[in-house]
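Student: Can we go through this model together? I'd like to start with the aromatic rings.

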Amino acid sequence: MSTTDVDRATTHADEMGAPVDLDRCPLMPTYGPPRVAFVRGQGTWLWDRDGKRYLDLLSGLGVTALGHSHPAVAEALAEQARTLLHVSNLFGNDIAWQVATTLDRLVGDGEPAGGQVFFANSGGEANECALKLARRYGGRGRHVVVSAYGSFHGRTLATLHATGQPAKHEAFQPLPEGFRHVAWDDLDALAAALDPTVTAVLLEPVQGEGGVHPANAEYLQGVRRLCDERGALLIMDEVQTGLGRTGRWFGFQHFGVVPDVVTMAKALGNGVPIGACWARADVAAAFRPGDHASTFGGQPLATAAARTVLATMAAEDVPGRAARAGDRLRTALTGIDGVSGVRGLGLLLAVELTGGRSAEVATELLDQGVVVNAVTPTALRLAPSLLIDDAELDHAVTAIAAAIATVGVTE
Ligand code: PLP
C-alpha cells in the first residue's frame, strides 16, 4: 500500500465528522464519510449535534423497529444491567430460554413450531450458524449452499461468499469453498444447481440490500418442492425482513412455505446486538456440544432486550401495523410525480424514481431532515419504525415529493 493510500485512510478525521480535533482518523476506512452525526433519538425522530431534528425512515437499516429509546426496552436494559449483564454459556440463562420459546412460536405463526434456537450477535453470525448447521446436517460431500444473485447475507468470509454479489468477493479471494449462485426468481436455474453435493438453499424472502425485491409465491413454493425432492434444506434469511417488518412475523409467511432454518437479527434487540438462528428440531440435532459457540451470544443483557422487544411487538401488533402503514405509504407514494413504482412488503419499501439519481434525492432529504437510503442508483429504501404514525407517514410523503421536485427528477 502506498504512503498516499495510508494518508488518505488516516487523515480524514474532519471528513468523517470526528468530534475532536484529531490529526488522524482513529476508525478504519470501511465506511464513507457521513454527512451527519446523530446524538439522540426518540420514537421516529433523530437529532444531530446541532439540535436539528430528522424523521427517521430507515431505523438504522431496519433495526429500531419500535423506534428510538423505546421506554420499555430502555427500562428492561437498565433493570438487567443492574441485575446481571453476562454469564458464560457454560451456565444456564432463563431469559434465553424464554426468548427462544417465543421465537419458536413466532416462526410457527402463533403455534409452537417445535424447533430450536442458537443465539448470536448479528445477522452475519446468525447466518454463519445456519451455514455450519447445514454442513453438519449434510455431512461430508454434501456441503454446498446455493444462494441467489443480488442477495446479501453478511460480511464474514463465508456469508460474503453466500452473498450473490461477485463484485464484493473480488478483493477477498480465495473465499471459503462450497457456495454456488443462481439467478433470483428462476426455478429452472435452481433446479440445475441442486446436485447431490448441495446441503441447503439460502434465500431472503425479500432481497433487501439487493434493492427490495420480493420473491414470487410460485417461486418460493417451487424452491420448497425442489428442496424436498433433492433432500436440501431451505434456509430463510429473515435478518432484514423478520419480526413484523413485512406485515407478517416473518417474510416467508406471505408465501405459503415453511423453511427448515430461519435466521434473524436486526429488529430483535431494537438496537442491542443480537441475532438468532432457528432450526427444525431434527436439523438442530445435527449440532453436538462444542460444534458452535459464541461468548456473548444469548447473554442476559441482549436477551432481556429481545424479551421486551418481542412482548412489545405482540402487544402493539406490529405486523398488523406494518401492513396498514405500508399500504398507506405505498398508495401515497405511488401518486407522486417522478415515482415510477413502489415495491416491497409492509414497511420495507423501495421507491423507484423515474429519473434515477437516488443518491442526490437521499442527500436532499437528509438536508431537509428526513433519513432514507439510496438502495440502488434509481431507488430509495424506506424501512421506518413499525410504530410510525399517520402524521409521520404524511410528513414523509410530502418531503419525498418535495425532494424529487428539487433534484428535478420528475420527468
Ligand atoms: N442478511 C441480511 C438479509 C441482511 O440484510 C444483513 C444486513 O443488512 C445481514 C444478513 C448481515 O447482518 P449484520 O450486518 O448484522 O451482520
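Student: How many aromatic pairs does a search of the whole structure find?

Tutor: The search finds 3 aromatic pairs. Rings of Phe, Tyr and Trp (its six-membered ring) pair if their centres lie within 6.5 Å; planes under 30 degrees apart count as stacked, over 60 as edge-to-face and the rest as tilted. One of them joins F38 and Y54, edge-to-face, with 5.0 Å centre to centre and 85° between the planes.

Tutor: Before we go on, this is a predicted model: local features need pLDDT of at least 70, side-chain atom pairs count only at pLDDT 80 or more, and totals for chains, interfaces and linings use all residues. Residues are numbered from 1 along each chain as its sequence is written, and side-chain values use heavy atoms, with hydrogens and water left out.

Student: OK. Which strands do F38 and Y54 lie in?

Tutor: F38 is in strand β1 (residues 38–42) and Y54 in strand β3 (residues 53–56), so the pair ties together parts 16 residues apart in sequence. Strands here are DSSP runs of E, at least two residues, and helices are runs of H or I, at least four, numbered from the N terminus.

Student: And Y54, buried or exposed?

Tutor: Y54 is buried, at 3% relative accessible area, while F38 is partly exposed, at 34%. Buried means under 20%, exposed over 50%, partly exposed in between (1.4 Å probe, protein chains only).

Student: Which residue pairs with W184?

Tutor: W184 pairs with Y219, also edge-to-face, with 5.7 Å centre to centre and 75° between the planes. W184 sits in the loop between β6 (179–182) and α8, and Y219 in helix α9, 35 residues apart. Both W184 and Y219 are buried.

Student: What does α9 pack against?

Tutor: Its buried residues, among them Y219, L220 and R224, pack against α8 (187–193), β7 (198–203) and β10 (233–237). Contact means heavy atoms within 4.5 Å.

Student: New topic. How many cavities of 30 Å³ or more are there?

Tutor: There is 1. On a 1 Å grid over the protein atoms alone, a cavity is a set of points where a 1.4 Å probe fits but cannot get out, and lining residues have an atom within 4 Å of a point.

Student: Which residues line the largest cavity?

Tutor: The lining includes V87, F91, T295 and P300.

Notes: On a 1 Å grid over the protein atoms alone, a cavity is a set of points where a 1.4 Å probe fits but cannot get out, and a pocket is an open set with protein on both sides within 12 Å along at least five of seven lines; lining residues have an atom within 4 Å of a point. Grid points are joined across faces, edges and corners, and a volume is the space filled by probe spheres set on the points.
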